[in-house]
Amino acid sequence: MSPWQSIPRSFRRHPVRPPDSGIARRKSIWERLHLDPWLLLMLLVLMAGGLLVLYSASGQRIESVIAQASRFGIALAGMFVLAQLNPSTFLRWAPLAYGVGLAMLLAVEIAGDIGMGAKRWLEIPGVIRFQPSEMMKLGVPLMVAAYLNRCQLPPRFRDIAVCAVIIGVPVVLTAIQPDLGTSLLMAAAATLVVLLAGLSWRLIAFVAALVAAGMPILWMNMHNYQRQRVLTFLDPDSDPLGSGWNIIQSTTAIGSGGVWGKGWLEGTQSQLEFLPERHTDFIIAVLGEEFGLVGMLVLLVLYTLIVSRGLWLAAGSQDTFGRLFAGSIILTFFIYVFVNVGMVSGILPVVGVPLPLVSYGGTSSVTLLAGFGILMSIHAHRRLLSR
Amino acid sequence: MRKRRDTLKNAEQELRIFRVRSLLAILFVLVLTGVLAGRLAYLQIVQHELYTTRSEKNRVRVEPLPPNRGLIFDRNGVLLAENRPTYNLTLVRERVDDLDETLALLVDLLELPDEEIEAFNVRSRQRQRPFQPALLMSDLSEDQIARLAVNRHRLPGVEVEAQLLRYYPDAEIMSHVLGYVGRINAEELRELDTGRYAGTHFIGKTGVERFYEEELHGEAGFRKVETNARGRVLRELGRTDPVPGRNLTLTLDKSMQSLAFELMNGRRGSIVAIVPQTGEILAMVSTPGFDTNQFVTGIDVASYRALQEDIDLPLFNRAIRGHYPAGSTIKPFMALAGLVEGVITPDTVISDPGYYQLPNDSRRYRNWLRWGHGRVDLERALAVSNNTYFYSLAHDLGIDNIHEQMSHFGFGQRVAFDVQGESTGLLPSREWKRARFNQSWYPGETLSVGIGQGYLQITPLQLAAATATLANRGHWIRPHLARMVGDEPLPDVLPGTLDDIRLDNDAWWDRVFSGMEKVLSGSEGTARRTGVGLEYRMGGKSGTAQVFSLGQDQRYNADELEERLRDHALFMAFAPIDDPQIAVSVIVENAGGGSTHAAQLARAMTDAWLLRDDAPEADEVLNELENGSATVEGN
């Protein structure tokens, strides 16, 4: 028996049900909407809790909460639309989306806008201004999943080499903008696809060794501000008023929260503005200060449940492309959580990663819920594909 | 078919791989979540207290509340030092959008000199935390405040702050005795109790302000405030009020001090007046004075240099640090030394041929009157200021006895209780000369000391203190400036008071007093012109201190000498003789002999204290001096 048998019944229902035998069966409302009620419920709880923390973190400005809530509304609508699409659509459009994204990354390199010391933005004046690298966070794993879908798995060395090129080009283009954080997340999301596809353990060990050996080279090619971040991470007290300020203030906020927290709207670090970026990247420190360890553990459990449910849905897909892409989406989501909480609590260097669905901001919410939309589509349309 | 079978088989295998991998992924997720949870538990349980402290330190700021400095009054309650509200311009760098532009606008509005901007740049670099205001300019005028108020919207981050600043209403008259406060410098900061001086920017630098710094300063208070990250105070969490400094009532009489200052009439010199029975210093003037208020706000370099390089040395406190030869004013004390040691009695008579010669020495030590005074006893020796009598007395006493007896009068040591920066003067002895010049003492040098010349150097305060002791018939009362510290009077006997001087026969005091009275009232008295019309009995002694010494048998004509090479005029006096109320010492630099100029000023002082409203005004005295004869008679 596979280990999945021990999973509770409610979670097991869809994957273990025998394929549709053709006998008319009354579809539930969720099946008709192509949504997974458990996942949706947990996401809504997460977003609601996030809004609660945001109200405190924004200095009790209800306007921020309303703005964020309306972004959630738009993002949820996007998720719903994507969930209706057939996964084969994503598979079909993958090469084109990847190609366009690559072209835009090149365009950024040639004619991009400089903002905050890095070329990240592409602007069509008066129409739109966006970061192609953000789009490619979904685009690259999509392409890799689409490619591996055509190969025999576990992938052979030739396929892995092709995947390395598919991943490498946009990652390098993003890294030289320079946007190391995004390029690493992009690489992670795409590499996860290859890992889930069955990359041999020996190769994994070999690559890990290679990465370790490549660290000094990476260090030498880093920009000064990037090196500073790493140094600050290693010793925040070396520059307490400068680059160490953020991490000192966030650990102070979390640590002073204790087990039960100081109470909602009562966190002095957050309310008196000692905590920087408190409604965006460092919002979890507000939660830690006001709701304590208890609040933090509730949040972590919620994230773990979402990831588990997502992986379960991915495993239920009978088609390679859907499985790989859905698995990559949900594990990338977890990487966001881990990197954000790790950085705010001081065990990872400061990189600009928001806390999924809690941090204030539109782009990341839309991208994340789009990912969940695709995940639900893959889940809901599995029988069509299996035919 | 085969291909189809392959793919089916592969699909199964792929699903198996995926399931194993995602199972591993879940495990990985759980491990990483465990790492996060562990980290959070470490921060929130193990290190909770450390971070609670850090967060409190962020939030709560302890602000010092500096105490108000005690006020200083004269003996009649006239205010001598007060705290006046002034307005300072401060700037918070973090709130200013464009610093250069703001500074340019301020320079334009207030007509600021460039040095102010320079000094501001230095101060703003010394800030301890962000959002701390830096001082841009102190003591704004009302006009400047108005101009700032109008342009306020163009000047974010620029604030006008009220501050209490020390102010001396009679700065020039009181300059040396009162002293002044100034900004605490780095050296003083090292020595200070930083808790007591938290929030205090000024400290007493000289004079009474320095000596009574401890009492005047008071105790700092504190308030705990909650602030946000930008340093804005949100609310007060608790406070300890400061204890204001204690007010000081001085023994000085402002009208006497003013009179003394006016009598000096711009000349260099000093007047000190003491109440003999109590040791209270009524007046202690050193001229020229200077405006101490300049030092409170911070004197500019040019003005300070001007004061320092002034040939009249206005910053120099002559009353306590000026070293002058005593001249003939030493003679009453020499006479008393002779009586104490039994070398003379009041009836001892010598015959004066106009000079004195040491045994086996051809050199003649001259009396100021070339042909001599003939038969001279103690009283006449004082009245006519006979040198020969005192040469003989000095020789008989010897330098060791002179040193011993003069030190009983306070010469060669600090005499006052609470006068900051007093000098000891110089009372020579064999040991001193050996240490200083590695030479033995010559008998001729004893004779010079006997008439107040040679190595002997005194300060005006010492002369006044010695005169007061003499007027008290040898009873020492330590001179002092403070009458009351807060509500507490100074103790009756101050620590460090010298032992009383006792004569074998108490009536001998009267003989010395009688000699001193004849200086002013006798037909031969050196200051008999000053004694005309005295309404009380006054004793005194004139003196002349040579600025430059004459060779053997040389005489000089005062008119031919450069003003600054002329002799210093000295006079010491007390009155009334039967019940002394005031003792005075006067030194006027380069005024020629002491019997005219200095004696007139001394009498003006005693008149003012004893006759009060009936006394002549300063300008009347000065007019009389002007019109009267400037002839030098005696020394």
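## Basis of the model

The model is predicted, and local features need pLDDT of at least 70, side-chain atom pairs count only at pLDDT 80 or more, while totals for chains, interfaces and linings use all residues. Residues are numbered from 1 along each chain as its sequence is written, and chains are lettered from A and ligands numbered from 1 in the order in which they are written.

## A helix pair in chain A

Helix α5 (residues 87-111) and helix α7 (residues 157-175) of chain A pack with their axes 10 Å apart and at an angle of about 25°; helices here are DSSP runs of H or I with at least four residues, strands are runs of E with at least two, and both are numbered from the N terminus. Axes are lines fitted to C-alpha atoms, for helices over the stretch in contact, and angles run from 0 to 180 degrees between N-to-C directions. That angle makes α5(A) roughly parallel to α7(A), a term for angles under 35 degrees, with over 145 counted as roughly antiparallel, 65 to 115 as roughly perpendicular and the rest as oblique. The crossing of α5(A) and α7(A) is left-handed, in that the near helix is turned anticlockwise from the far one by less than a right angle.

From α5(A), the residues A:Gly101, A:Leu102, A:Leu105, A:Leu106 and A:Glu109 meet A:Val169, A:Pro170, A:Leu173 and A:Thr174 of α7(A), where contact requires C-beta atoms, placed from the backbone, to lie within 7 Å. By class, this contact of α5(A) with α7(A) has 6 nonpolar, 2 polar and 1 charged residues; Ala, Val, Leu, Ile, Met, Phe, Trp, Tyr, Cys and Pro count as nonpolar, Asp, Glu, Lys and Arg as charged, and the others, Gly among them, as polar.

## Where chain A touches chain B

In the contact between the two chains, 43 residues of chain A are in contact with 34 residues of chain B. On the side of chain A that touches chain B, at least two residues each come from α8 (180-197), α11 (245-257), α12 (268-271), α13 (283-316) and α14 (320-344), and α13(A) gives the most, with 12 residues. By class, that side of chain A has 22 nonpolar, 19 polar and 2 charged residues.

## A covered strand and its sheet in chain B

Chain B has 22 helices and 23 strands, and buried residues make up 42% of its 635 residues; a residue is buried if 20 or more other C-beta atoms lie within 10 Å of its own. In strand β13 (residues 269-275) of chain B, 7 of the 7 residues are buried. Both faces of β13(B) are covered, with B:Gly269, B:Ile271, B:Ala273 and B:Val275 on one side and B:Ser270, B:Val272 and B:Ile274 on the other.

Strand β13(B) pairs with β14 (residues 280-287) of chain B in the antiparallel sense over 7 bridges, pairing being assigned if DSSP finds at least two bridges between two strands. Within that pair, B:Val275 stands opposite B:Glu280 and B:Ala273 opposite B:Ala283, while in the hairpin, which has 4 residues between the strands, B:Gly279 takes a positive phi near 80°. A further 6 bridges join β13(B) to β23 (residues 582-588) of chain B, also antiparallel, and there the bridge partner of B:Ala273 is B:Val584. These strands belong to an open sheet of 5 strands in chain B, in the order β14-β13-β23-β22-β21 with antiparallel pairing, and its edge strands are β14 and β21 (539-545).

Key. Buried ≥ 20, exposed ≤ 12 C-beta atoms within 10 Å, placed from the backbone.
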